[in-house]
Amino acid sequence: MKVRTRFAPSPTGYLHIGGARTALFSWLYAKKMGGDFILRIEDTDRERSTQASVDAIMDGMKWLDLDFDEGPIYQTDRFDRYKEVIQQLLDQGDAYHCYCSKEELETLRDSQWAAKQKPRYDARCFGREDIPEGIEPVVRFRNPQDGTVIFDDQVRGHIEISNNELDDLIIARSDGTPTYNLTVVVDDLDMEITHVIRGDDHINNTPRQINIIRALGKEPPIYAHVPMILGDDGKRLSKRHGAVGVMQYRDDGYLPDAVINYLVRLGWSHGDQEVFSREEMQQLFLLDDVNKSASTFNTEKLQWLNQHYIKEMPVDEVAKHLQWHFDDQDIDVTNGPATTEVIDALKERAKTLKELTASARYFYMDFDAYDEKAEKKQFKEPTVAILQALYDGLSEVNEWDLEPIHAVIVQTCEDLDLKLGKVGPPLRVAVTGTAMSPSLDVTLKLIGKERSLRRINNAIAYLKDKFA
């Protein structure tokens, strides 16, 4: 049996972090087992489904590099198939039309609450002969009245649900459109899905879906319900915890491999190992190793992983992702040093690509003002003489490289009888506008001779005017 998994998001919003983890686990298991991974778009909710949401899901899958073998398959293209199955269930006597009004159902629910009973539909329309006129009925699945639904969940273990706990759910609305529990069953059967990996918020649907599958004469797939993700305060993950669209992590400067690595550790482990390549994940991932308890989202851990990837990934790979941030901030990298050289210079301190981009700006673009604190601390009246000496020495450098630049800085310290702590910091502010940069020889080399000298000269003029 060839393993076939699927990711089936509803296009009613962005691809959030919980959905991305579900997609990842489904993708990994298919890869591990040499199977197929299918992308299905569950867009039958016409009022809430949007093309923008579809695009956001596709963008997120592409950015995370979760490639699918089949799809995207849209449920709205399969309405004829759903109608066919609904009719089959009606013909078999496993479904029936329900004419109950909203008010009638509310009265039923209120009476059950008053009697301290579990609210549930009482199948009053099953076998009904007095068909009211002018009412478009819904279709309900006739759930078995006795027995037990039993399945072995790959994460949660052995589960048994008595059929008397389940009522007759609606499988087609009054306008004829199918509901989730019907479409998911038909799709999983038609697409020959062998393993359904999804969030444990779906676990209450599983017994109902198994009963529909068996009414259709088929055997259910294997289920694996992964636990939810919590915020660091123990509450359900929300926007304030980081439950934003996956593409927001790109915008915030995270590498997709870092996000993937973080997600796989949210609920799965392999010993104490924290960092995994995609190849290692595919080799090691097993559903039996997925935790039963909820996972806690930790932004600091994600940042730590991201910094690790920035430092350890091949620099040309980092550069590909960094280019998006340069474009986003209108930084023309053709007007300056090679991006790979800038990454090498800055990667030890950057937690995100967004931080790295902000730090790299002065390599490519001139600045209009100096950092206020840095200027106040480093730009004193004697700084003019220091910068002038540096300007004169650096102007004589023919080969603009690390050793000659460093030699000029050291010689300036000796000539002025000053320690490096009095010479280096004002030079750094003059050429970068900030108090932080890589080592001065690296910084000046990357900025370039012409641009460095111009900025030093501008700082001299600024200070002369300031202290005139």
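What follows is a conversation about reading helices, loops and pockets in a predicted model.

Biologist: Let's begin with a helix. What length does helix H16 reach from its first C-alpha to its last?

Modeller: Happy to start there. You compare the end-to-end distance with the one expected at 1.5 Å a residue. H16 covers residues 402–416, which makes 15 residues, and reaches 21 Å, close to the expected 21 Å.

Biologist: And which residues of H16 are buried?

Modeller: Ile405, Val408, Ile409, Thr412 and Cys413 are the buried ones. They cover an arc of only 135° around the axis, so they lie on the same side of H16.

Biologist: What covers those buried residues of H16?

Modeller: The cover includes three helices: H15 (383–395), H17 (420–432) and H18 (440–447). The face of H16 turned away from its buried side carries Glu403, Glu414 and Asp415, which are exposed.

Biologist: Which residue follows H16, and what is its phi?

Modeller: Asp417 follows H16, and its phi is positive, near 55°. Asp417 is not a glycine. You will find Asp417 in the loop between H16 and H17. With a relative accessible area of 70%, Asp417 is exposed.

Biologist: Where is Lys116, another residue with a positive phi?

Modeller: Lys116 is in the loop between helix H4 (102–114) and E5. Its phi is near 60°, and Lys116 is a residue other than glycine. The relative accessibility of Lys116 is 81%, so Lys116 counts as exposed.

Biologist: Omega is another angle to inspect. Which form does the peptide bond from Gly71 to Pro72 take, cis or trans?

Modeller: That bond is cis, with omega near 0°. Pro72 is part of strand E3, residues 70–74.

Biologist: Now for pockets. How does one find empty space?

Modeller: Rolling a probe the size of a water molecule over the atoms shows where empty space is left. Here, the largest pocket has a volume of about 850 Å³. Its lining has 32 residues, and the closest to the pocket centre are His16, Gly18, Gly19, Asp201 and His202.

Biologist: Which elements each supply at least two residues of that lining?

Modeller: Strand E1 (4–7), helix H1 (17–32) and strand E9 (195–199) do. H1 gives the most, with five residues. By class, the lining of the largest pocket divides into 15 nonpolar, ten polar and seven charged residues.

Biologist: What volume does the second largest pocket have?

Modeller: The second largest pocket has a volume of about 300 Å³. Of its 13 lining residues, the closest to the centre are Leu346, Arg349, Ser359, Met436 and Ser437. Helices H12 (339–346) and H13 (353–364) each supply at least two residues of this lining, and H13 gives the most, with four. The lining of the second largest pocket has seven nonpolar, three polar and three charged residues.

Biologist: Let's end in H13. What does Glu355 touch, not counting residues up to four places away in sequence?

Modeller: Glu355 touches Arg349 and Ala350. Glu355 itself is placed in helix H13, and with a relative accessible area of 38%, Glu355 is partly exposed.

Notes. Residues numbered from 1 in each chain as written. Predicted model: local features only at pLDDT ≥ 70, side-chain atom pairs only at ≥ 80, totals over all residues. Heavy atoms only, no water. Expected span 1.5 Å × (residues − 1). Buried < 20%, exposed > 50% of the residue type's maximum accessible area, 1.4 Å probe, protein only. Arc of directions from axis to C-beta. Contact = heavy atoms within 4.5 Å. 1 Å grid on protein atoms, 1.4 Å probe; cavity = no way out; pocket = protein on both sides within 12 Å on 5 of 7 lines; lining within 4 Å. Points joined across faces, edges and corners; volume = space filled by probe spheres on them. Nonpolar A, V, L, I, M, F, W, Y, C, P; charged D, E, K, R; others polar.
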